[in-house]
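Try each task yourself first, then follow the worked solution step by step.

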Amino acid sequence: MIRYELKKVFARTGSKIALLLLVIVWCIACRFATDVYWVNENGVEERGYAAVSRLRDAQREWAGVLDEERLRQVIEENRRINQTPQAKSSDVRESNIAYGWKQGIDGIRTLLNCAYEERFRSYDYYRADSLRPEDASEFYGNRVRLLKEWLAGEGGDSDAVYRLSDAEKEYLIERYETLETPFYYDYMKGWVQLFEYISMIIMIAMLILGYLVAGIFSNEFSWKADAIFFSSVHGRGRVVAAKLEAGFLIVTTLYWTAVLSFSAAVLGYLGISGWNCPVQADFSGWKCFYGIQVWQEYLLVIGGGYIGCLLIGFMTMYVSARFKSAVLGVMTPFVWIFLPSFLGNLNSAAANKVLGILPDRLLQIHVALKSFDLYELGGKVVGAVPILFVVYSVLTVVLMPLLYEEYRRKQAG
């Protein structure tokens, strides 16, 4: 029965086109994710696997514990390069040559820009150029100091988006202060590129999966076969269960095929180095208050994406079964995509609280981990990510029997 339900889904021309679209998006995402360049000794950009290898080798020379001594070395190297004629030249090619010399320290240099900024939510690409070796001792302390200054000012009651309570402010400061330092640093380009583009794969997969499963429970009505279907021996039992299992298999198989193959392609090309670094060792995760490593972030990203796709897939099937319409079912994933865009325009603390725990955040855990979405539950402050996993995992499980009963009790039209 399950095989028959799967055959009905994939026999449609629309389903084949949808799968082709997923493959096209997968290829485009891989193309952008692996587009990494290396500036050679002549100031010319090189691309391809050889360029990736050179960039990896250059940055791995600076891998290790990011302590005060290593930071001093980076600041000194940056200052040395800045004093060269090439760095001071107004000629673009000469400037590119100087930039090429900095590629090995580029990741750490970016962190220096973050740590020594004037304000918590600002960024100056050239801030590291004004640092002296003796400034290295303030690197980790500055991260906490800038947070406290932001919370005392624009991040406090006057902020339109993040209106944090005193308990939430204390929670953030405590998480910042207790984060294990010094960080371990390594070449992380593979993971950086993967996290930047994997959300595209997950979001498109969710939309396509919604389209594929939307008709599983409503097609009998659109084909005017419901009278025969519900009057058959297993029409209200085993066949309904087979439909539910078919939807589960479609979501599970296609999601993991798309996500794991994309991960293998990007990491296989760019390398897996940096998997054991804290997420704060990269620019995108510098402000993150979760004390996790890169490999743990990856598990959260793909795990959250799966729960999100499964949840929205079951919601799609439930809507189509409830209203006997595949069209309304197909609209369900789009509602969850455009609703956050609408609420985001409200620019209020209340709307931001809601945005932080909507199902679409499961599809973008990489973003959720970097956001200050905090909630007070039972006198304790909790980040949005644990709430997302617990609440929507339970809801996904609850939806399965509800969907089964909703369709089993349908009356023939």
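Keep in mind as you work that this is a predicted model.

**Exercise 1. Is E168 buried or exposed, and in which helix is it found?**

Solution. Start with the place: E168 belongs to helix α9, which covers residues 166-178. Next, look at the accessibility. Buried means under 20% relative accessible area. E168 has 3% relative accessibility, so it counts as buried. Finally, look at its surroundings: leaving aside residues up to four places away in sequence, E168 touches R163, K353, L374, Y375, E376 and V381.

**Exercise 2. Where does L164 lie, and how many residues separate L164 from D373 in sequence?**

Solution. First, find L164 in the loop between α8 and α9. Then check its cover: its relative accessible area is 4%, so L164 is buried. Last, compare sequence with space: L164 and D373 are 209 residues apart in sequence, while their C-alpha atoms are 9.2 Å apart.

**Exercise 3. Describe how helices α10 and α14 pack.**

Solution. Two packed helices are described by the angle between their axes and the distance between the axes. Here, α10 (residues 189-214) and α14 (residues 294-323) pack at an angle of about 15°, and their axes are 9 Å apart. Because of that angle, α10 is roughly parallel to α14. The crossing of α10 and α14 is right-handed. By class, their contact has 16 nonpolar, 5 polar and 1 charged residues. On the α10 side, the residues that meet α14 include W191, F195, I198 and M206. On the α14 side, those that meet α10 include Y298, I302, C309 and M317.

**Exercise 4. Why is α7 largely enclosed by the rest of the structure?**

Solution. Count the buried residues: 8 of the 10 residues of α7 are buried, so this helix is largely enclosed. Among them are I108, R109, T110 and N113. Then ask what covers them: the buried residues of α7 pack against α4 (68-82), α8 and β4 (184-185).

**Exercise 5. Which residues does L22 touch, not counting residues up to four places away in sequence?**

Solution. Locate L22 in helix α2, residues 13-33. With 11% relative accessibility, L22 counts as buried. Its contacts beyond those sequence neighbours are I204, A205 and I208.

**Exercise 6. Step back: how many helices and strands does the chain have, and what percentage of its residues count as buried?**

Solution. The chain has 18 helices and 6 strands. Of its 413 residues, 51% count as buried. Turning to contacts between residues at least 6 apart in sequence, 74% join residues at least 24 apart. For the surface, the chain exposes about 19100 Å², with carbon and sulfur atoms supplying 59% of it.

Conventions: Residues numbered from 1 in each chain as written. Predicted model: local features only at pLDDT ≥ 70, side-chain atom pairs only at ≥ 80, totals over all residues. Heavy atoms only, no water. Helix = DSSP H or I, 4+ residues; strand = E, 2+ residues; numbered from the N terminus. Buried < 20%, exposed > 50% of the residue type's maximum accessible area, 1.4 Å probe, protein only. Contact = heavy atoms within 4.5 Å. Areas by Shrake-Rupley, 256 points an atom, 1.4 Å probe, with all protein chains shown as cover. Axes fitted to C-alpha atoms, helices over the stretch in contact; angles between N-to-C directions. Parallel < 35°, antiparallel > 145°, perpendicular 65-115°, else oblique. Left-handed = near helix turned anticlockwise from the far one by under 90°. Nonpolar A, V, L, I, M, F, W, Y, C, P; charged D, E, K, R; others polar.
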